[in-house]
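This briefing gathers a few local features of the model shown below, grouped by topic for a reader who works with coordinates.

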Amino acid sequence: MKIKPFHVIPNLPEPLKALRSIGMNTWFTWNWPAVQLFLRLDAPTWEQCRQNLIMMLGQLPQKLYDETALDDSFIANLQRVENLLNEYLAARTWFDEYHPAESDLRVAYFSMEFGLGVSLPVYSGGLGLLAGDHLKATSDLGTPLVGVGLLYQQGYFEQYLNIDGWQGERYPINDWYNMPVSRVKGSDGKPLTVAVDLAGETLTAHIWKVLVGRTCLYLLDANISENPAHLRRITSQLYGGDRENRLRQEILLGIGGVRALEKLGIQPTVYHMNEGHSAFLALERLRRLIKNYGLTFAEAREAVWSSTVFTTHTPVPAGNEVFEWGLIQKYFKSLTDGLGLTWEQFQQLGQEEPGRSPEFSMTVFALKLAAHCNGVSKLHGKVSRNMWRKIWLNLPEDEIPIGSITNGIHTKSWISHDMEELLVRYIGPKFIEEYWNPKLWERVDAIPDGELWRIHQIRKERLIFFSRKRVKNQLRRRGAGSSEIQAAEEVLSSDALLIGFARRFAPYKRADLLLRDPGRLIRLLTNSARPVNLIIAGKAHPQENPGKDLIRKIVHFANQPEVRNHMIFLENYDINVAQYMVQGMDVWLSNPRRPQEASGTSGMKACCNGALNVSTLDGWWDEAYTTEVGWAIGSGEMYDNDEEQDRVESEALFHLLENEVIPLFYERDRTELPRKWIAMMKRSMKVLGAQFNTGRMVQEYIEKYYIPAHRAGQALTGDKAQIARQIAKWRERVMKAWPGVQVISDDIGQDLELVAGETLPVKVRVNLGGLSPDDITVEVIHGNVNGDGQFSNYVLTRLTYIGESDGLARYEGRIVCAVTGMQGFAVRVRPYNPELVHSLTPLVMTWE
């Protein structure tokens, strides 16, 4: 049977045609007036269609359209929303105002997943939500950026629990023709395609486009008729299939993504890899430079390296993507021949320790091919520098070129419309445009306590209503009796302290930390004078049985008769559930084992809605916490034994709840307002809301990485990549000469004692090994020396070239003795070239 497909769209009357254009731009996901309009059209169908206007428009009867087209009030509202969108798209932006000289900057942001809204399920969790919020903020700021990802036919799984509490997975098929995504077509009207070689097979992919305000996201789709069945499955599921399918996905994302942008006529000047999944994009960029400019691999690498940004999100070695060598050789052996690399040279790019690492690491590959690397919190940056220090042997850990930009949230996507309206009322309408402006957040103090508490209680009651409805649906699906379903109307109370915990069920996140003492938890939950309610949600990876076991353990505990009304588990945690939870909680609980949480953003989402955080000092909370904005579990201690850490921190958490959190919540004045609690809510919103948002985050990426990467890349590729060629030749010359480079400092004598404030002259002689003084820099590091004879902290000083004597170059400088105690200094020489972003990758350095 031969089926000839065609596309049918709703027959919207002329006055209603703007509905479709509004619904095709995910701008509506962070603009309440648009959502209000859709609810007004048909609220039940809006919810039934999972907040997907495009699907909803295909299900409503024509009679409703004809009647609505005659409704002057609705049409006026529609025109207002359309005007809001058009004004937003046309407005002058932050980037226009602050970086007009960088008008030729173009950033391509690659990610395996993007969480933009419930209506486009191509995300699984934190990485995707961060990527989605990144795109939304680039739209708000006017950043010239496009996103690149994959279009998954089944997306990520929908979670359900059986009667025993064991997680099952459903994979609904996405109907792209009824979603806010459109296939890109060429000038001939046919779908635009890209082709990628997969071990001798040609994979063809279509390109789809998603509008994210001003920003475009392009998604590649392998599930097309041109491909055989086994290749069509490449974009079947997010993180689905075996290791070979995962590798194919990442080849399509990286190599296919670069080719897609070329087909679209988009010429990025900066490439940003959000996690290592897309790192193969560097190979395609190298190949194109070698082909188009006739460069060697070394020359092309200089240009690619200087204009690539890499963000790592994983703070534990086991969580980083690796592939066994057989798979890598199958898919890349022929490609390396075309790059002018030996197989051993290619292997070294993916090895932390060349010749010794047993697998190919995507993270290592990305770190070696990106000049601009960062973790996603200050603590994570430090952890990453320690974790990958073998790539930069002999370099002090603090100097390893992995910085940090702490994650944020797209505030307007996560704040409730009730809270947003309250903030606009007291902060002013500018808050809508500049939610990242710290000066605006300072006006939170102007909000009357009673009004803030009233809005908070409204959202809390909506969360409880939503939870009860959801629990009843869960019970019906499991075949529960009518009395049990009816009893679900009694779960939770708006008068009780409400604590939320929602995240991926990985063991290190410790969803069961409170369950270590079940009797004590029951006493907390059922205290008649000061009761506590607890809502838990989250998914375990389909192949992670320990996480599924953890969910079952929690569900069994929550099903106990004395607990049932005080604690619930909400199935199928997604953006919709997350929004209800972060907008209605009193307390947001997070208790990962330090330092295994790279950042975490759910607590940020909760705090801008007035919830207070209780968390271990890990990820973002390590830098955000003060006693004025929330509570810390422990003091940031590190443990060698997980069991001991869990025991100590479980006790610390119970102590916090019993002695600080719960008493403060229930301390009321004569008007029944918890004034001290509200004061902490305000401080939390004012301080944390101003800092931990994607407006601030993307501004940091622009100024710290995108603009420097853009300028470096443009300089190196201009004039047929002449500077890239020169740097490669310079580097080759330096590498050949370096074995002859030696450094010797003049003796300072024994038992030297100086007075604080004095300076110590440092004189150094360097054998340049045939290099010029312009080719190197001589540095002295000096500071406190600990009992192990190592620097506990130090200052870096560059020495000055004085001239030559006896065939040696002489350098001098002075050390300021600013503090007392045992001090020391060490001298080193490293290559220097003013055209380089930095000279630390690959690392060449000689110490005395």
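**Cis peptide bonds and backbone**

Pro842 is found in the loop between strand E27 (823–831) and strand E28 (846–847), where strands (E, at least two residues) and helices (H or I, at least four) are DSSP runs numbered from the N terminus. The model is predicted, so local features need pLDDT of at least 70 and side-chain atom pairs count only at pLDDT 80 or more, while totals for chains, interfaces and linings use all residues. Residues are numbered from 1 along each chain as its sequence is written, and side-chain values use heavy atoms, with hydrogens and water left out.

- Thr841 and Pro842 are joined by a cis peptide bond with omega of about -10°.
- A cis peptide bond also joins Arg594 and Pro595, with omega of about 5°, and Pro595 lies in the loop between strand E18 (587–590) and helix H25 (602–607).

- Arg510, in the loop between strand E15 (497–502) and helix H22 (518–526), has a positive phi near 55°.
- Arg510 counts as buried because its relative accessibility is 2% (buried is under 20% relative accessible area, exposed over 50%, partly exposed in between, with a 1.4 Å probe and protein chains only).
- Asp719, in helix H29 (residues 694–737), likewise has a positive phi near 55°, and Asp719 is exposed, with a relative accessible area of 63%.

**A residue in a loop**

- Leu752 is placed in the loop between strand E21 (742–745) and strand E22 (759–767), and Leu752 counts as partly exposed at 44% relative accessibility.
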